[in-house]
Amino acid sequence: MPGKVLIVIPCYNEEASLPILLPELLSTKLPNGYELNAVIINDCSKDNTVAVAKNYDVTVLDLPVNLGIGGAVQTGIRYARDNNYDLAMQLDGDGQHPPKELAKLIRYHDETGVNVVIGSRFLEKEGFQSSFTRRLGIQYFHWLNRFLTGQAIYDSTSGFRLFDRKAIALAAASYPDEYPEPESLVVFSKAGLKVAEVAVVMAARQGGQSSIRSFGSLYYCIKVTLAMFFSFIRKP
Amino acid sequence: MLRIQFITIAVNILFVLYISRLIIKGKLREEYAIVWVMCTLFLLLFSFWTDGLELLRKLTGVVVAANLVFTGFIFAILVYLLHLSVVASKLYNDNKKLGQEISLLKEQFNKHLEDKKS
């Protein structure tokens, strides 16, 4: 039975990359008869992200205050829950996640039935691999995650993700705000959801700036470590 | 009465009046005013009862009375700051929910308008 997939695209100042990403996304054919819809969440961009997005056949959710990546993604997930979608997939607005890779995540989900599928850069050494220090940080979170959840997720900071109905319901109710990716994995596994990774090829960002820049990376590590620890001891 | 007693009592009364004014004008919610009113009452008590501090000092075993005052008030301020952080966190969460809700409603509203037009 064919289902509905919502592509959740959090955007902050992405007027440059959306005209490249959206046509490619909307012409993407999904496997197993899935129907594709996309929602753009504009997190108070200072450029013309909304106007650019409205040129395409996508839903635009315009946040009145800047919520950060976690709050923006959660808005899209809530939209998916309210509109009865079978799957929600997060795709970053900067073009790092090529739409043609969506099919891999969906196929994996359909074959195995896991609740959350993560597109990983590191299972195969192909495509954009990001800088040395960033990979060091990702390695650290891999071990921390393994320690806390017992699941071996290599690319725990990847924002290229698929959520099934159970994961949508959970994330719509509670999703971390700042730097949500590694922390949400702890939340998912505490709730008994299955998380798995598939290899994807990522591109370097086509425009915009990473939310994690050099001076903030230490803060990032400390904040996420604390958040993961407290998510771990919190009752689900 | 000593001169210093007059000064502290006068400052205290002015402070209470200012807090009352803020509450009356709706600029300060009563639940946040409680701690300030309590502090003022506490100061007022020891402005009148000057031997009280000496008694507390002996009871707690602190050598210099001033240190007891500093320790007590710094601790109270820390607790109140923590309380304010809790308030800020709650406000953040409420704001987030409101923002998400508004964006979802706006989308529904626009869709409804378009449906009506066509």
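Student: For chain A with its 236 residues, what radius of gyration does the model have, in agreement with a compact globule?

Tutor: Good place to start! This is a predicted model, in which local features need pLDDT of at least 70 and side-chain atom pairs count only at pLDDT 80 or more, while totals for chains, interfaces and linings use all residues, and side-chain values use heavy atoms, without hydrogens and water. Residues are numbered from 1 along each chain as its sequence is written, with chains lettered from A and ligands numbered from 1 in the order in which they are written. The globule rule is 2.2 Å times the number of residues to the power 0.38, with the radius taken over C-alpha atoms; for 236 residues a compact globule would come near 18 Å, and chain A agrees with this at 16 Å.

Student: What share of the 236 residues in chain A is buried?

Tutor: Buried means under 20% relative accessible area, exposed means over 50%, and partly exposed is in between, using a 1.4 Å probe and protein chains only. The C-alpha atoms of this chain fill a box of roughly 45 × 45 × 35 Å along the principal axes. In chain A, the buried share is 55%.

Student: How do α7(A) and α8(A) run, roughly parallel to each other or roughly antiparallel?

Tutor: Axes are lines fitted to C-alpha atoms, for helices over the stretch in contact, and angles between N-to-C directions run from 0 to 180 degrees. Under 35 degrees counts as roughly parallel, over 145 as roughly antiparallel, 65 to 115 as roughly perpendicular and the rest as oblique. Helix α7 (residues 180-190) and helix α8 (residues 217-233) of chain A have axes 8 Å apart and an angle of about 10°. The pair α7(A) and α8(A) is therefore roughly parallel.

Student: How many residues of the contact of α7(A) with α8(A) are nonpolar?

Tutor: From α7(A) come Pro182(A), Glu183(A), Val186(A), Val187(A) and Lys190(A), while α8(A) brings residues including Tyr220(A), Val224(A), Met228(A) and Phe232(A). Ala, Val, Leu, Ile, Met, Phe, Trp, Tyr, Cys and Pro count as nonpolar, Asp, Glu, Lys and Arg as charged, and the others, Gly among them, as polar. Besides one polar and three charged residues, the nonpolar number in this contact is nine.

Student: Which residues is Asn84(A) in contact with, leaving aside its neighbours within four places in sequence?

Tutor: Asn84(A) sits in the loop between α3 (68-82) and β4 (87-90) of chain A, and has a positive phi of about 60° although it is not a glycine. With 48% relative accessibility, Asn84(A) counts as partly exposed. Arg165(A) is 81 residues from Asn84(A) in sequence, yet their C-alpha atoms are 8.7 Å apart. Beyond those neighbours, the contacts of Asn84(A) are Lys4(A) and Arg165(A).

Student: What is the phi of Asn13(A), given that it is not a glycine?

Tutor: Asn13(A) belongs to the loop between β1 (4-11) and α1 (18-26) of chain A. At 26% relative accessibility, Asn13(A) counts as partly exposed. Its phi is positive, at about 55°.

Student: Turning to chain B, what radius of gyration does it have with its 118 residues?

Tutor: Chain B holds four helices and zero strands, and its C-alpha trace spans about 85 × 30 × 15 Å along the principal axes. Of its 118 residues, 18% count as buried. A compact globule of 118 residues would come near 13 Å, but chain B has 24 Å.

Student: How far apart in space are Phe48(B) and Val63(B), C-alpha to C-alpha?

Tutor: Phe48(B) is in helix α2 (residues 30-48) of chain B. At 49% relative accessibility, Phe48(B) counts as partly exposed. Phe48(B) and Val63(B) are 15 residues apart in sequence, and their distance in space is 22 Å.

Student: At what angle do helix α3 and helix α4 of chain B pack?

Tutor: The contact joins Leu53(B), Leu56(B), Arg57(B) and Thr60(B) of α3(B) to Ala65(B), Leu68(B) and Val69(B) of α4(B). By class, the residues are five nonpolar, one polar and one charged. The two helices, α3(B) and α4(B), are roughly perpendicular to each other. Their axes lie 9 Å apart, and the angle is about 85°.

Definitions and conventions:
Contact means heavy atoms within 4.5 Å.
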